[in-house]
Amino acid sequence: MSIFLLIIIHLAGYLLMSSIDNKLSFLMKLSVGYLVSISLTTLFLFILNIVGIQYSQINTLLVISFLSLLSLLIISLKGVRLVRPNYNRIKMNLLEKRTFFIIAALALVTIIASAYWPITDWDSIVLYDYRAKSFANTGNMSEAISTGYFFGYPLLTSLAQMMIYQFGGLGPGIIHSFFYIHFLIIIYSYFSKKIKRKWILISTLFIAIIPDLFIHAQMTYTNLPFTIYFVTAYIFLEKWLENKSISNLLIFSILVGSSIWTRSTEPYWVAYLILIFIYSIIKKKYLHFAIFYLVVSIFRKPWLIFREISSGNPIGNVATQALSSVSIAFSERIIRKLPLISEYFYRYILEPRIFITISFIFSIIYVFNSSKEKSKFLPLLLLILLSYSITLAGIFVFSSSVDYWKEIGGSATRMTMFLPILEIIFIIKVIFYKKNSNLNE
Amino acid sequence: MIANEVLNYENYIFSNYHIHINSFENVVRFGLILIIILYIHKKKDLFRKKILSNHRNFKEQGVEYIIFLFFILFLSKSLFLVSEKMIRNTTRIFTNPLASFSQKNEFKNKLYPYFYFITQNTPPNSIIMIPPKQNPWLTTGNASYMKYFLYPRKIIGGKLEDNDYSRVNYVLITKGDWHVPNNELYDWPKEIISAKKITIFDMNTKKSSILSENKFDPIASSYFKNAWGLIEVGGK
């Protein structure tokens, strides 16, 4: 039954992506569709539950069917024809075959491990999977709310795992393995337009063997889905900046919104907000900024409002939050804390990926010294630098407001696991990016 | 080596062969990087032609070499970590492909047989008191953790002493799951409780035995020293 659920999630996702942008390749529609389908289904289930409709297998099926029918309606109104998969055999040389085999083996291991092992990771036991079990068992959220911790993180992963329980599966980690596999397909499709053919699979392998990514594909934490939504959002931001298509802006906004629906504690989405804001000001395209903010709010607001009403803690808007955080951070003497915060930042953010960070720094030097197309690298560079700034500011605020901040450095490493991926994409683009004429070499 | 450790116990390789796995990994990694660098040096013309750009001055090529060097260092580290995780996670799968849900849990969690024993000996609607969340009961005393394994039973966190046992149906007997230097600190509950039934669980044999006593007295009875089990509260 879990396999049936996975099939209909994929189908709904494919139809959703076809209804938004039919020009995308079959693989891209299937993979991004999976991400969007999970995100929209869980968001709908959550909103319906607030208005009194219980979590149940039939309601999950109805929501997925509704999304599929809505997509089909849009497809028929637009009059577009669904793209069939391209069955033309890709001729691979020996190196490509070997690389493909390694990537496939990695993907297979994550699926086998997720299907085999029960949940054993601490955060999942005390929060994410407990909520999933409770939702599936009671059909509502009151039991999970009463046992504490509930409002720490939004519900995307818990509701996705609940769906697996509803359909009789014992290994909810399978959802996360598919996140990993689809992310690799997205990366492959992305690189296939950017770099020489012979390097596409090798570059995908570089991403596949990022330890955090591979390890989290066999866990049920929120960090992997967040990372995948966040990085895939960048891919669509780049697409949108290249072709100015509203559908790409829409997909980008949905993916950023989905990242917030996965983890809202760290405001990394503000990096995208700043980028879009700067772009809108420079190009005077204020409507694009409005579309982005509106779509992101659809994902962000229901959880915030629900949390505010249920927990009784007023959350406030982004500006108020930012101001209060800054005032907390600056209420103490910064100079006194600076050595401790620097050490923490190095130990948990930089040091675990020190080699890739050094390589990234030299790639920046290389781009600004040698490349004639600096502007092509600018959005990604800005996104990475803004994310580092948000991390540093977050550590400042966290160190001022939480006493045990130094004891949970592991979470800081996990929450920034998207940074090495963005850095590797940057490095690969710098190393392997060639002019279009050479793409098929 | 990693597979051997998974199938035996943590630190098995170091205890028996005096080889530290992580340090050994560094030696192998260093050797691998050396081989890659020597290979690139040998085929430097091909490397320049195929990978590096061809119109660089010395400074630009130097930057490119540094990018590559650190990228290779990152890849070698990643390959080892991923291989290690792969072996750790799949060794048990290949040696026990048909393991039951309980067995799989037991491979990863030494306390799982005890949790399973509790679920088999308490009705789903029962209320269970667990030890206080302090050393040495940091795991069994953690209500957020215990509620997952004992779901849908209700969990109530107990105190070291002066507990109101009338609110609950069952009380856990736990030696302690974390190490403490002073043996006196182990064992909970630390006070007398009148019981309908007392069941002791042997963590080694995974077997349980019902005691004939109708009172849990940790001082008077030697049964309760370093014991794991369950008290059904009530009786005279």
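The expected span of a helix is 1.5 Å times one less than its number of residues. Helices (H or I, at least four residues) and strands (E, at least two) are DSSP runs, numbered from the N terminus. The model is predicted: local features need pLDDT of at least 70, side-chain atom pairs count only at pLDDT 80 or more, and totals for chains, interfaces and linings use all residues. Residues are numbered from 1 along each chain as its sequence is written, chains are lettered from A and ligands numbered from 1 in the order in which they are written, and side-chain values use heavy atoms, with hydrogens and water left out.

View 1. The 15 residues of H20(A) should span 21 Å at 1.5 Å a residue, and the end C-alpha atoms are 21 Å apart, which agrees. In H20(A), 15 of 15 residues are buried (under 20% relative accessible area; exposed is over 50%, partly exposed in between; 1.4 Å probe, protein chains only). H11(A) covers residues 223–243, and its 21 residues reach 30 Å from first C-alpha to last, close to the 30 Å expected. Of the 21 residues in H11(A), 17 are buried. A:Lys244 follows H11(A) and has a positive phi, near 55°.

**View 2. The largest nonpolar core and a second one.** A nonpolar core is a set of buried Ala, Val, Leu, Ile, Met, Phe, Trp, Tyr and Cys residues joined through side-chain atoms within 4.5 Å. The largest has 176 residues, and those touching the most other members are A:Leu155, A:Phe179, A:Tyr180, A:Ile207, A:Phe252, A:Tyr272 and A:Phe426. Apart from it lies another core, of 17 residues, including B:Met129, B:Val171, B:Ile173 and B:Phe224. Leaving aside residues up to four places away in sequence, A:Tyr180 is in contact with residues including A:Leu106, A:Phe214 and A:Ile228 (contact: heavy atoms within 4.5 Å).

**View 3. The interface of chains A and B.** Contacts join 49 residues of chain A to 44 residues of chain B. The two chains bury about 4600 Å² between them, 74% of it on carbon and sulfur atoms; buried area is the accessible area (1.4 Å probe) that two parts lose on being put together, summed over both. A:Tyr116, A:Trp117 and A:Phe355 supply 17% of the area that chain A buries against chain B, more than any other three residues. Helices of chain A that each supply at least two residues of the side touching chain B include H4 (94–116), H17 (354–370) and H20 (418–432). There are 0 salt bridges between the chains (a side-chain nitrogen of Lys or Arg within 4 Å of a carboxyl oxygen of Asp or Glu).

View 4. A:Thr262 is in helix H12 (residues 246–262) of chain A and counts as buried because its relative accessibility is 0%. A polar atom of the A:Thr262 side chain lies 2.7 Å from the backbone oxygen of A:Ser258. A:His176, in helix H8 (residues 174–192), also counts as buried, at 0% relative accessibility. Among the residues that A:Thr262 touches are A:Thr157 and A:Pro225; A:His176 touches A:Thr157 and A:Pro225 too.

**View 5. A:Met92 in a loop.** A:Met92 is found in the loop between helix H3 (57–78) and H4 of chain A. At 28% relative accessibility, A:Met92 counts as partly exposed. A:Met92 touches A:Lys97, A:Phe100, A:Arg197 and A:Leu201, not counting residues up to four places away in sequence. A:Met92 and A:Lys198 are 106 residues apart in sequence and 9.0 Å apart in space, C-alpha to C-alpha.

Methods:
A polar contact is a pair of N or O atoms within 3.5 Å; within protein, one must be able to donate a hydrogen and the other to accept it, and residues adjacent in sequence count only if both atoms are side-chain atoms.
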